[in-house]
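Keep the viewer open as you read.

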Amino acid sequence: MEHIFILILFGPPGAGKGTQAVKIAERFGWKHVSTGDILRAEVAHGTNLGSKVKAVIEAGHLVSDELLIEIMESVFRLNDKVKGFVLDGFPRTLKQARELDKMLIKLGQKVKLVLALDVNEDELVKRLIKRAREQDRKDDTEEVIKNRLVQYHNHTSPLIDYYKEQNLFKEIFGEGTIEEIFEKLCSVIKK
Ligand code: AMP
């Protein structure tokens with residue numbers, strides 16, 4: 001693999017990572033990887049893996065690091081021709097971040113940028129409840145939403161310091177229209 005752009009789109013659930021990741025992937029011709037989408041597809045297809053993770057996802061807890069690492073290894077293996085990746089929802093723990101670094105070293109690659117969407121907590125809850133109604137996501141009920149935010153604060157937010165130490169972390173304010181936020185993200189990526 002030549003040097004490719006590995007972007008981590010970072011932020012709490014409801015920050016708009018999924019929406020923006022799709023648009024960024026389209027604009028730059030990169031591969032969008034949403035581990036949440038991958039896991040939900042496994043559940044929908046009733047695979048072995050899907051039946052293992054269904055209850056965990058529906059409770060708003062995190063799926064095991066081992067499983068996520070396996071999934072990401074196969075994502076990189078199966079996409080060895082792409083020019084870049086937009087990672088959406090991975091890594092979510094320090095263990096995952098460290099394992100990602102190791103995986104990338106083996107491939108002669110590294111994380112290029114971690115771009116975070118900053119959205120205040122009240123707005124997050126509002127958006128998640130709205131999405132629950134619109135998409136019928138079982139993990140968007142009020143108590144599960146609370147759980148997902150707790151998981152974010154306990155396990156995922158420590159990654160901010162991990163990436164700040166490597167000078168990879170940039171943050172933009174994630175409230176406003178989808179297009180406004182998208183253009184702000186694009187301008188940081190282009191820098
Ligand atoms: P998302 O669509 O990114 O919010 O992910 C939905 C759910 O999938 C999460 O609440 C977790 O249960 C699971 N999940 C997705 N990505 C990960 C990850 N990197 N580590 C652990 N669990 C994950």
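**Around the ligand**

Helix α2 (residues 35-44) supplies the largest share of the shell around the ligand, 4 residues. Helices here are DSSP runs of H or I with at least four residues, strands are runs of E with at least two, and both are numbered from the N terminus. Before going on, a word on what you're looking at: this is a predicted model, where local features need pLDDT of at least 70, side-chain atom pairs count only at pLDDT 80 or more, and totals for chains, interfaces and linings use all residues. Residues are numbered from 1 along each chain as its sequence is written, and side-chain values use heavy atoms, with hydrogens and water left out.

In total, 16 residues surround the ligand, and the closest are T35, R40, H61, G89 and R148. Sorted by class, the shell holds 6 nonpolar, 5 polar and 5 charged residues. In that scheme Ala, Val, Leu, Ile, Met, Phe, Trp, Tyr, Cys and Pro are nonpolar, Asp, Glu, Lys and Arg are charged, and the others, Gly among them, are polar.

Which protein atoms pair with nitrogen atoms of the ligand? A polar side-chain atom of Q96 sits 2.9 Å from one, a polar side-chain atom of R92 is 3.0 Å from one, and a polar backbone atom of V63 is 3.1 Å from one. The ligand taken alone exposes 470 Å², and the protein buries 96% of that; areas come from the Shrake-Rupley method with a 1.4 Å probe, and for residues only the protein chains shown count as cover.

Now look at S34, in strand β2 (residues 31-34). The cut-offs are under 20% for buried, over 50% for exposed, and partly exposed in between (1.4 Å probe, protein chains only).

A polar atom of the S34 side chain lies 2.9 Å from the backbone nitrogen of D37. The side chain of D37 also makes a polar contact of 2.8 Å with that of R40. Such a contact is a pair of N or O atoms within 3.5 Å; within protein, one must be able to donate a hydrogen and the other to accept it, and residues adjacent in sequence count only if both atoms are side-chain atoms. Leaving out residues up to four places away in sequence, S34 touches R40 and D88, where contact means heavy atoms within 4.5 Å.

**The cores**

The largest nonpolar core has 33 residues, and F10, F85, L87, L100, V114 and Y163 have the most contacts inside it. Helix α4 gives the most to this core, with 7 residues. A nonpolar core is a set of buried Ala, Val, Leu, Ile, Met, Phe, Trp, Tyr and Cys residues joined through side-chain atoms within 4.5 Å.

Beyond its neighbours within four places in sequence, L100 is in contact with I8, F76, L87, F90, P91, V111 and Y163. A second, separate core of 25 residues includes W30, L115, L128 and V188.

**Two backbone details**

P91 is in the loop between β3 and α5, and a cis peptide bond with omega of about 0° joins F90 to P91. N167, in the loop between α8 and β5 (169-173), has a positive phi near 60° although it isn't glycine. N167 counts as exposed because its relative accessible area is 72%.

Conventions: A residue is near a molecule or strand if one of its heavy atoms lies within 4 Å of it.
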